[in-house]
Amino acid sequence: MMISVENIEKKYGEVKALRGVSLDVKEGELFGLIGPDGAGKTSLIRILVTLLKPDAGSATVNQLDVVDDFRKLRKQLGYMPGRFSLYPDLSVEENMNFFATVFGTTIEENYDLVKDIYQQIEPFKERLAGRLSGGMKQKLALSCALIHAPKVLILDEPTTGVDAVSRKEFWEMLKRLQKMGITIFVSTPYMDEANLCDRVALIQDGNILTIDTPEKVTQSFAHKLWAIRSDNMYLCIHHLREHPEAESVFGFGEYLHVTWKNQEMQAEEMMNYLTGLGHTNVEVKETEPGIEDVFMDLMQKHDS
Amino acid sequence: MKILRYLLQKEFIQIIRNKSMWPIIFVMPIVQMLILVNAATLELKKSDVLVVDQDMSDASRQLVNKLEGNPFFKVIQVNDADFDADDQLLKGKANVVLDIPQNFERDLRRDNKVSLQLRVDAINSMSAELTWSYMNSLIRDYNNNLRASWMGVSKFDPPQQIVVSPRYWYNPTLIYAFYMAPGVMVILVTVVGMFLSAVNLVREKEIGTMEQLNVTPIKKYQFIAAKMIPFLVIALVVLSFGLLIAKLVFNLPFHGNLLVLYGFTTVFLLGVMGLGLFISVVSDTQQQVFFLSYFFLLIFILMSGLFTPVESMPKWAQLLDHLNPLYYMMKVIRNVVLKGSGFFDLKYEFLSMLGYGVVMFSLAVMRYRKTA
């Protein structure tokens, strides 16, 4: 196991950020930690990168304990914090050189590893990092995190606040790094990014809800899922929730995702129910569940 | 060692690129030296005197003449009755009112004794006291002369008199700038050492690079040393610059050894930098550093003996001042520059400042470990 986390707990005063989290990440895996803001993602990551001590439980990265062997471990870790945290008053090249030197290496030594990414920002190497665009900053941060050829790359919400095209590009970069043999642990609040990972852990309120491949996670969704819409979405939610057979009703883009206690419920019946209540342009169809549906479902079960 | 060298290189690049740093290093010393040293003076110059001479005699006129001839006083008005003296005092037109009563000369001749009244504007208690004592010595002098002339002194047998003629050591001409200039240099050095270094360190926290640095193999001592050394160097440059200005503009004599001064300043800087480090460790933003440093700087400067002698402070304040690094440095720099004191003359100050530095640094590093 490249990363192994066992029953980690962390409290900030009265607030429990992590309530007994356990997970394993295999060598060479691209592992996603997925959950909304405040779920405990950053706390777990800060524990893994030796910046935070857990209150209970233990964690190892590449067989090194995050508390006892933190010095050795730091040399093998690449960490990209959620916030841009390079020197804005140093140039692109100076930032790279700085992080290479403090890890006792040079840009040339590990150039192969960062080549793909660094080449894209190399034309601007004289520019101060503070004057780069968001996407370029991110590439520089990734290059700096990789310059000492870490065995594990840990990224905290790297795609938050990044445009759709850059997000896609960024995930492609991660895939390429994975092919070079680097284990990647990435957190994200975007459910749609789950499908890009080998395995994902869903986290909510400091609890891991499930850990599996994205396919298996979605397959675990035991209900028939219906996508429903009408002209008055607000009332539509209201009316569906009032239906005695309704189990869950959530807004999902332009449709509502609905599950029923009775799996035999037919589309016609739902249509009739809504049109009977005065809805126009009602549309009902069966749909494939996504990670988000599973997440909502698990969250509800966990709460009750 | 290689890492430390590289960290230092990075710090210097950042400092050089920081445009607000240059004025602080070069403009601040010039402005503070020129303005503070010249403006902050305790010397009494031209106190405005209003004389109410109700006697208008020979003797009273002599006293007024004497006043007029004194460089510290300026007689703005002589009234023969007390009709608007209080008013002038109230309006701030006069600083002092000297009342010469009726029959001043007659009583003096007959009873050998007479009273004068002095009304002094004491809004500024310091200058009021000075006025009082200058006036006192002037009147005593006048008194002696008067008696001598009335009694008809023979040249060969002068009346026995004790004459005190002061000699001012280390600053014989009592030039106030010689007293102020070294003090202002201490303040310059303190601002660079304590304030700039603290702001610089907390910036790493603010922009988040601290987080990135903490996952690198950089050791704490390397990081702290890399943060402190540049400002130690800058502070010593500022000191040299200040000394140069003092020499060129005020012709400040330098009786001591430069090496002793730089040695002491370095030890002093360790103390204030330790405090700066502590402030930056307990703060999260530059703003917090501003407020905390301001708090300490103000107390330190006002209690340092820059303007008012520490010896005239209450006993408890003098004791408390032993926690003030500027108190020691103020003493050291004045003694080295004006008196030429050497290392062994100041070993108590040396040990105190060294102890201060060790304690401050230990506190800061201990606290740093806990938080980071």
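Mentor: Happy to. Keep in mind that this is a predicted model. The largest nonpolar core has 75 residues.

Trainee: Which residues have the most contacts inside that core?

Mentor: Those are A:Leu48, A:Leu153, A:Ile154, A:Ile184 and A:Phe185.

Trainee: What does A:Leu153 touch, not counting residues up to four places away in sequence?

Mentor: A:Leu153 touches A:Gly78, A:Ala145 and A:Leu146, along with A:Leu177, A:Ile182 and A:Ile184.

Trainee: Okay, switching to the two chains. How many residues are in contact there?

Mentor: On chain B, 16 residues are in contact with 21 residues of chain A.

Trainee: And which helix of chain B gives the most to that side?

Mentor: Helix 1 of chain B does, with 6 residues. Helix 1 (2-17) and helix 8 (209-214) of chain B each supply at least two residues.

Trainee: What is that side made of, by class?

Mentor: The side of chain B that touches chain A has 7 nonpolar, 6 polar and 3 charged residues.

Trainee: New topic: A:Thr42. Where does it lie?

Mentor: A:Thr42 is in helix 1 of chain A, residues 41-48.

Trainee: Why does A:Thr42 count as partly exposed?

Mentor: Because A:Thr42 has 18 C-beta neighbours inside 10 Å, and buried would take 20 or more.

Trainee: Which residues is A:Thr42 in contact with, leaving aside neighbours within four places in sequence?

Mentor: A:Gly82 and A:Asp156. A:Thr42 and A:Gly82 are 40 residues apart in sequence, with 8.4 Å between their C-alpha atoms.

Notes: Residues are numbered from 1 along each chain as its sequence is written. Chains are lettered from A and ligands numbered from 1 in the order in which they are written. This is a predicted model: local features need pLDDT of at least 70, side-chain atom pairs count only at pLDDT 80 or more; totals for chains, interfaces and linings use all residues. A nonpolar core is a set of buried Ala, Val, Leu, Ile, Met, Phe, Trp, Tyr and Cys residues joined through C-beta atoms within 7 Å. A residue is buried if 20 or more other C-beta atoms lie within 10 Å of its own, exposed if 12 or fewer, and partly exposed in between; C-beta atoms are placed from the backbone. Two residues are in contact if their C-beta atoms, placed from the backbone, lie within 7 Å. Helices (H or I, at least four residues) and strands (E, at least two) are DSSP runs, numbered from the N terminus. Ala, Val, Leu, Ile, Met, Phe, Trp, Tyr, Cys and Pro count as nonpolar, Asp, Glu, Lys and Arg as charged, and the others, Gly among them, as polar.
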